Amino acid sequence: MTRIPEGDKYSAIIVAAGSGSRFGGYKQLLKIGGRNIVEIVLDRFSKCGASELVLVTKKELFPHFEYLRDLFDIPIKIVEGGQRRGDSVFNGVKAAAYDNVLIHDAARPFLSCTLIQRVLGALKKYNAVIPVVPVRDTVVKVKDEMAVSRVDREDLRSVQTPQGFKRNVLLYAFELAREKKLYFTDESTMLIDTLGLFSRIVDGEHSNLKITYREDLEMFRYSMTAMGYDIHRLKEGGLLKVGGVVVKEGISPVAYSDGDVVLHALIDALLAIKGKDDIGTLFPDTDDQWKDADSGELLLKVMEYVGEINILKVDITCILEKIKLSPFKDKIKKSIATYLGIPEENVSFKARTKEGIGEVGKGKAIEAFCLVTYSI
Ligand code: CTP
Ligand code: MG
């Protein structure tokens with residue numbers, strides 16, 4: 001690890017002590033892509049040069065975040081927040097160990113290292129730095145439910161976090177504000193009113209959105225992929241099932257269950273989405289109850305086990321020599337779509353041969369790959 005010069009060290013203070021009244025619940029407990037948003041933010045700072053992490057949250061939420069203590073290479077402090085955002089920031093700043101502090105909303109999980117560096121860069125020269133973005137929409141003044149005048153947006157900016165401050169300057173402003181019983185929604189305005197100090201602006205990022213309302217989550221939806229694979233040797237006798245459809249009699253996979261490689265690959269992909277074990281761990285061949293099990297039933301059990309997944313697309317490739325699968329293609333797609341409860345057009349099924357290569361190529365084994373795309 002490269003050593004950070006003492007003067008460049010900073011404390012990352014993550015405020016997550018709000019009540020999410022506009023969101024309708026604790027948004028600091030939200031997960032994106034299976035990871036909690038506070039964890040995502042702390043991870044980002046730990047990888048972007050922070051020397052310590054200070055998480056400010058509600059006392060009753062401490063148990064939810066205890067696991068974070070073991071996750072990062074740098075020290076983490078978890079401190080209690082206050083009634084207003086300013087109180088929470090104050091508590092975080094008091095607990096911070098370094099002269100430079102970066103204060104960031106837990107509700108903004110998509111900040112980049114570039115933005116952090118930009119704020120830190122300006123903090124070398126200025127006592128207070130805030131990232132801002134131009135106001136995109138036309139802004140109007142309203143009165144009695146009517147738009148009465150236009151506000152020139154050229155002079156306006158939306159303020160984001162992380163905001164960088166010299167710790168002692170900020171603490172001094174907090175003391176003055178508390179003496180005068182003044183409260184501010186944002187520290188940069190507090191610095192103006194208490195010390196007459198202007199904050200330096202740097203470019204923010206439009207992608208650094210804050211989750212405020214539940215509908216904001218729509219903007220964060222994105223897709224991810226998971227993959228599964230399976231292979232089975234083939235033997236004479238029995239039934240060959242592919243995607244829950246019998247495609248041939250007189251030949252069957254050497255397997256503990258019915259050996260449907262396509263459904264097994266699909267099951268492993270679904271388990272991967274939730275970071276769960278693979279099919280072998282879930283249905284071990286040492287357990288008699290899975291002997292000759294119908295893979296379709298195993299799939300339904302797995303779907304119950306992993307819970308709700310918003311599947312966008314299932315893409316399967318099955319590799320089998322000598323037996324033509326194309327006549328069964330539509331049936332297989334329909335079968336998989338029915339199991340998953342998704343439209344047939346969201347399932348694609350391709351059959352391939354292996355050009356005579358290896359065991360699969362000699363027709364002694366069947367193989368399948370499955371890619372599942374899902375949204376979070
Ligand atoms: N915050 C905090 N302490 C408070 C209030 C807010 O640490 N007393 C934090 C929130 O957890 C959030 C950030 O400040 O990460 C920005 O605040 P906001 O988006 O307003 O979140 P909430 O205050 O939770 O939401 P609301 O205002 O809708 O209740
Ligand atoms: Mg708030």
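**The pocket, the cavity and the sheet**

Modeller: In this predicted model, strand 1 (10-16) and helix 3 (85-95) each supply at least two residues of the lining of the largest pocket. The volume of that pocket is about 680 Å³. Its lining consists of 29 residues, and those nearest its centre are Arg22, Lys27, Arg85, Asp105 and Lys210. Divided by class, the lining of the largest pocket holds seven nonpolar, 13 polar and nine charged residues.

The model has one cavity of 30 Å³ or more, and the space in the largest cavity is about 100 Å³. Around the largest cavity stand Gly86, Asp87, Phe174, Ala177, Arg178, Leu182, Tyr183, Phe184, Asp186, Glu187 and Met190. Helix 5 contributes the most to this lining, with three residues. By class, the lining of the largest cavity comprises six nonpolar residues, one polar and four charged.

Five strands make up an open sheet with mixed pairing, in the order 14-13-17-15-16. Strand 14 (245-253) and strand 16 (347-352) are its edges, each pairing on one side only. From one strand to the next, the twist averages 25 degrees. Within the sheet, strand 13 (residues 223-242) pairs with strand 17 (residues 365-375) in the antiparallel sense, over 11 bridges. Asp230, for example, has Ala368 of strand 17 as its bridge partner.

Two helices pack on this sheet. Helix 8 (residues 261-273) touches strand 13, strand 15 (310-319), strand 16 and strand 17, and its direction makes about 155 degrees with that of strand 13. Helix 11 (residues 329-340) touches strand 13, strand 14, strand 15 and strand 16, and its direction makes about 140 degrees with that of strand 16.

These helices also meet each other: the axes of helix 8 and helix 11 come within 12 Å and cross at roughly 35 degrees. Their crossing is right-handed. Helix 8 brings Val262, Leu263, Leu266 and Leu270 to the contact, while helix 11 brings Ile336, Tyr339 and Leu340. By class, the contact between helix 8 and helix 11 has seven nonpolar residues, no polar and no charged ones.

Technical notes
Residues are numbered from 1 along each chain as its sequence is written. Chains are lettered from A and ligands numbered from 1 in the order in which they are written. This is a predicted model: local features need pLDDT of at least 70, side-chain atom pairs count only at pLDDT 80 or more; totals for chains, interfaces and linings use all residues. Side-chain values use heavy atoms; hydrogens and water are left out. Two strands pair if DSSP finds at least two bridges between them. Helices (H or I, at least four residues) and strands (E, at least two) are DSSP runs, numbered from the N terminus. Axes are lines fitted to C-alpha atoms, for helices over the stretch in contact, and angles run from 0 to 180 degrees between N-to-C directions. Contact means heavy atoms within 4.5 Å. On a 1 Å grid over the protein atoms alone, a cavity is a set of points where a 1.4 Å probe fits but cannot get out, and a pocket is an open set with protein on both sides within 12 Å along at least five of seven lines; lining residues have an atom within 4 Å of a point. Grid points are joined across faces, edges and corners, and a volume is the space filled by probe spheres set on the points. Ala, Val, Leu, Ile, Met, Phe, Trp, Tyr, Cys and Pro count as nonpolar, Asp, Glu, Lys and Arg as charged, and the others, Gly among them, as polar. A crossing is left-handed if the near helix is turned anticlockwise from the far one by less than a right angle, and right-handed if clockwise.
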